[in-house]
Amino acid sequence: MSQRRTAIVTGGGSGIGRATAHRLASGGITVAILDVNGEAAENVAKEITHQGDEAIAFGSVDVSDRAQVNAAVEQVHNTLGPVLVLVNNAGVTEFDRFLNISDDLWDRVMAVNLNGTFYCTQAVLPDMIAAKWGRIVNISSSSTYSGQPFMTHYVAAKSAVVGLTKALALEFGPKGVTVNTIPPGFVDTPMLRRAEKSGFLGGSVDEHAQRTPVRRSGRPEDIANACAFLVSDEAGYITGQIFGVNGGRNT
Ligand code: NAD
């Protein structure tokens, strides 16, 4: 396929999403950045266009709100054409003792990490089915392998994203759509630094890096590069997979 493809990257205003938006755009994809922080999304779109690549931010979009997701995806479709690549990256972490988790907090963590993935995926699939080609990458978490204390709500939500990925891959493989998940492990982003500051990380980022087999923490670009491969034509025989990018922390 020679014409430019359009991708949506959720949570593209920071960290892994920002790096992924840059990486896909530098690979010739037009990127729509959806983020609840509209200003951050706008800034990333500007960074990308200043480099001569194509990206547009679509205001403030909360992926946990189906109406906002549907309106944004329609706007992307009308502005940039069919959406054939989706990176469900927007997420929130919380650290709370299990017995202190309220229904509201539980629902919020599920709403962003799991429901957001559900809403965005339902909104873009019709374009992919019509094109008989699509690529979906869901960003989960390495905590789904190992568990993580004080993150029961988050680990439950991200583990559900892994299950969603596998089931979607089986249903939409025959339609030309691949669905994979990358569970990042210890990637140096604002989210990780907030976790370090909260004292729930079990040591500093540097201490964790020294215990990581490759002796460094992850960079957002590490996840972005894996994402770029999974959304490429070359990755067409890879679907339903958990594609670990974690410096060997989980094997
Ligand atoms: P980050 O906090 O730097 O960036 C997250 C982005 O998502 C922000 O721009 C934020 O505004 C956006 N966002 C949050 N809630 C949203 C919502 N409701 N709607 C739309 N956008 C929303 O975090 P990051 O480290 O880059 O994390 C990216 C993804 O990777 C998340 O899903 C996170 O759970 C996952 N992850 C990260 C790590 C890590 O080590 N950094 C590890 C495991 C999983």
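How do the residues of the lining of the largest pocket divide into nonpolar, polar and charged?

1. **Before you start.** You are looking at a predicted model, where local features need pLDDT of at least 70 and side-chain atom pairs count only at pLDDT 80 or more, while totals for chains, interfaces and linings use all residues. Residues are numbered from 1 along each chain as its sequence is written, and side-chain values use heavy atoms, with hydrogens and water left out.

2. **The largest pocket.** The lining divides into 21 nonpolar, 21 polar and 6 charged residues (Ala, Val, Leu, Ile, Met, Phe, Trp, Tyr, Cys and Pro count as nonpolar, Asp, Glu, Lys and Arg as charged, and the others, Gly among them, as polar). The pocket holds about 1000 Å³ of space. Among its 48 lining residues, Thr93, Tyr154, Thr189, Met191 and Leu192 are the closest to its centre. On a 1 Å grid over the protein atoms alone, a pocket is an open set of points with protein on both sides within 12 Å along at least five of seven lines, a cavity is a set where a 1.4 Å probe fits but cannot get out, and lining residues have an atom within 4 Å of a point.

3. **The ligand's place.** Have a look inside this pocket, and you will find the ligand sitting there (more than half of its atoms lie within 2 Å of the grid points). Of the 29 residues around the ligand, Ser14, Asp35, Tyr154, Val187 and Thr189 come nearest (a residue is near if one of its heavy atoms lies within 4 Å). This shell comprises 14 nonpolar, 10 polar and 5 charged residues.

4. **Polar contacts** (pairs of N or O atoms within 3.5 Å). One oxygen atom of the ligand is 2.7 Å from an N or O atom in the side chain of serine 14. For lysine 158, a side-chain N or O atom is 2.8 Å from an oxygen atom of the ligand. A polar backbone atom of valine 63 is 3.0 Å from a ligand nitrogen.

5. **Helix 7.** Helix 7 (190-198) is among the helices that supply at least two shell residues each. Its 3 residues are the largest share of the shell, and its 5 residues are the most given to the pocket lining.

6. **A cavity too.** The whole structure has 1 cavity of 30 Å³ or more, and the largest cavity has a volume of about 40 Å³. Val63 is one of its lining residues, and helix 4 gives the most to that lining, with 5 residues.

Definitions and conventions: A polar contact is a pair of N or O atoms within 3.5 Å; within protein, one must be able to donate a hydrogen and the other to accept it, and residues adjacent in sequence count only if both atoms are side-chain atoms. Helices (H or I, at least four residues) and strands (E, at least two) are DSSP runs, numbered from the N terminus. Grid points are joined across faces, edges and corners, and a volume is the space filled by probe spheres set on the points.
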